[in-house]
Amino acid sequence: MEVHTQVPARTLFPSYLGGGAVLAVSLGLVTLVWNANTPEVMEHRLFLALWLSGAAILAGLLWADARTPRSASRSLATFAIGLVTAAALTTMPWANLDSALWYQVWLSVPLLTGLGLVAFRPTRRNPPRVGSPH
């Protein structure tokens, strides 16, 4: 005996709200720390630009959540995880970790967590078609 449960449809409004919030907070953070006193200004700004790209991808994925195929969302989110991780590791001033470590960690960890939740959330299984064995 097969039991079929109906999965509630996702609403569009929360995805717009979440995407807008991510983009607004990200732009605010980048503008706040763009001219910060750091040992390597160019590396700092490169990190912020790449980090903002990852945040924009997350915002876009949240906006398009109910309208995009799950595989496309996973691929793009996985790409953004790699982008932000590579940006944080390659632009880190390893000789002087005082301030750079903290702002890169405090900016990267929440973004990577959000991207990870979007990329690796469970997917709904397609119900079997009528007439198929399973």
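What share of the 134 residues of the protein counts as buried? In this predicted model, 28% of the residues fall into that class.

**View 1. The overall fold of the predicted model is built from helices.** The protein has 4 helices and 0 strands, so that reading along the sequence gives the pattern α-α-α-α. Where contacts join residues at least 6 apart in sequence, 78% of them link residues at least 24 apart. The protein exposes about 8,900 Å², and 68% of this area is supplied by carbon and sulfur atoms.

**View 2. The largest nonpolar core of the protein has 19 residues.** Those with the most contacts inside this core are F47, W51, L107, L111 and L115. The elements that give two or more residues to the core are helix 2 (41–63), helix 3 (70–90) and helix 4 (98–119), and helix 2 gives the most, with 7 residues.

**View 3. Helix 2 is shown along its length, with its buried residues.** Helix 2 has 23 residues and reaches 32 Å from its first C-alpha to its last, which is close to the 33 Å expected at 1.5 Å a residue. Its buried residues are H44, F47, L48, W51, G54, A55, I57, L58, A59 and L61. As background to such a view, an α-helix has 3.6 residues a turn, so residues three or four places apart point the same way.

**View 4. The surroundings of W51 are shown with the residues that W51 touches.** When residues up to four places away in sequence are not counted, W51 touches S26, L29, V30, V84, L107, S108 and L111. W51 is itself among the buried residues of helix 2, and it is also one of the residues with the most contacts inside the largest nonpolar core.

View 5. S26 counts as buried because its relative accessibility is 4%, under the 20% cut-off. V25, in contrast, counts as exposed because its relative accessibility is 52%, over the 50% cut-off. Leaving aside neighbours within four places in sequence, S26 is in contact with W51, L52 and A55. S26 and L111 lie 85 residues apart in sequence, yet their C-alpha atoms are 9.3 Å apart in space.

Notes
Residues are numbered from 1 along each chain as its sequence is written. This is a predicted model: local features need pLDDT of at least 70, side-chain atom pairs count only at pLDDT 80 or more; totals for chains, interfaces and linings use all residues. Side-chain values use heavy atoms; hydrogens and water are left out. Buried means under 20% relative accessible area, exposed over 50%, partly exposed in between (1.4 Å probe, protein chains only). Contact means heavy atoms within 4.5 Å. Accessible areas come from the Shrake-Rupley method with a 1.4 Å probe; for residues, only the protein chains shown count as cover. A nonpolar core is a set of buried Ala, Val, Leu, Ile, Met, Phe, Trp, Tyr and Cys residues joined through side-chain atoms within 4.5 Å. The expected span of a helix is 1.5 Å times one less than its number of residues.
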